Amino acid sequence: MRLDASSWLNHLDGARTLTLAGGAEGVHQVRVALRRLRVWLAFKGHRSLQEELRWLCGCLALLRDLDVFGEALTPQALAELRPEAVARAVEALGSERWVSLRDRLNSVRPPRRSQAKRALPRLERKLDELRASRPRSDGEALHRMRRALRRVRYAREWLGLDTADLAQEQERLGAVCDLLALQAFARWHQAAVPPQLDDAIARGFELLSPHGNHAP
């Protein structure tokens, strides 16, 4: 049995159309589809094609950041950055490189379920290693763990396995990572970082620590 990706390829096409029409949700959905497809490709390797998906995801990153974190900027800064971000995304999604990428995705022979089942334990071991080695208050390590957790979840979903055990952990990780991303975005663009944000990040790390208080 092979793992068919036609539904996510269709999702990618629809999200691309929405993005080109100016829909903010389209940018997010393109990136979701690309990340899921990268896991699908990884079951058989396809490293160069995975890198192409990474490239496209990167081309949309600034536009997505502005959609999510734009309120941290002054209206003038946002007005200056957004045309560049839109142009970068539209150029990538309308390029020959995109056409070649999309054609290559169509030509990929789906991985066998058995290949995905063999790959899953490796992804789970990597996640466990990151859980065990993450230093307290290390934002980069936290982002790596979030990515590893997402890969495990997507791999399980490709196999039709339950992911409920990952949901609570992903929610906690995601909340802190989003705060860290907002902090980095604001500092990079020289926007004011309110003290409440630093306090919230410190509290988030405390809750994520092995001895943290997980009460609301």
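Visitor: Leaving aside its neighbours within four places in sequence, which residues is Gln183 in contact with?

Guide: In this predicted model, where local features need pLDDT of at least 70, side-chain atom pairs count only at pLDDT 80 or more, and totals for chains, interfaces and linings use all residues, Gln183 is in contact with Val193, Leu197, Asp198 and Ile201, contact being heavy atoms within 4.5 Å. Residues are numbered from 1 along each chain as its sequence is written, and side-chain values use heavy atoms, with hydrogens and water left out.

Visitor: Why is Gln183 called buried?

Guide: Gln183, found in helix α9 (residues 164-188), has a relative accessible area of 13%, and buried means under 20%, exposed over 50% and partly exposed in between, with a 1.4 Å probe and protein chains only; Gln183 therefore counts as buried.

Visitor: What makes His46 partly exposed?

Guide: The relative accessibility of His46 is 29%, so His46 counts as partly exposed. This residue lies in the loop between α2 (24-42) and α3 (47-59), and His46 has a positive phi of about 50° although it is not a glycine.

Visitor: Why is α7 called roughly antiparallel to α8?

Guide: Helix α7 (residues 113-133) and helix α8 (residues 139-158) pack at an angle of about 155°, and their axes are 9 Å apart. Because angles over 145 degrees count as roughly antiparallel, under 35 as roughly parallel, 65 to 115 as roughly perpendicular and the rest as oblique, α7 is roughly antiparallel to α8.

Visitor: Which residues of α7 meet α8?

Guide: From α7 come Leu120, Leu123, Glu124, Leu127, Leu130 and Arg131, and among the residues they meet in α8 are Met145, Ala148, Leu149 and Val152. By class, the contact of α7 with α8 has nine nonpolar, no polar and five charged residues.

Visitor: How do you know that the length of α7 agrees with what it should span?

Guide: The expected span of a helix is 1.5 Å times one less than its number of residues, so the 21 residues of α7 should span 30 Å, and its end C-alpha atoms are 31 Å apart, which agrees. The buried residues of α7 are Ala116, Ala119, Leu120, Leu123, Leu127 and Leu130, and what covers them includes α8.

Visitor: What makes Asp138 partly exposed?

Guide: Asp138, which lies in the loop between α7 and α8, has a relative accessible area of 24%, so Asp138 is partly exposed. Asp138 and Phe205 are 67 residues apart in sequence and 8.7 Å apart in space, C-alpha to C-alpha.

Note on methods
Axes are lines fitted to C-alpha atoms, for helices over the stretch in contact, and angles run from 0 to 180 degrees between N-to-C directions. Helices (H or I, at least four residues) and strands (E, at least two) are DSSP runs, numbered from the N terminus. Ala, Val, Leu, Ile, Met, Phe, Trp, Tyr, Cys and Pro count as nonpolar, Asp, Glu, Lys and Arg as charged, and the others, Gly among them, as polar.
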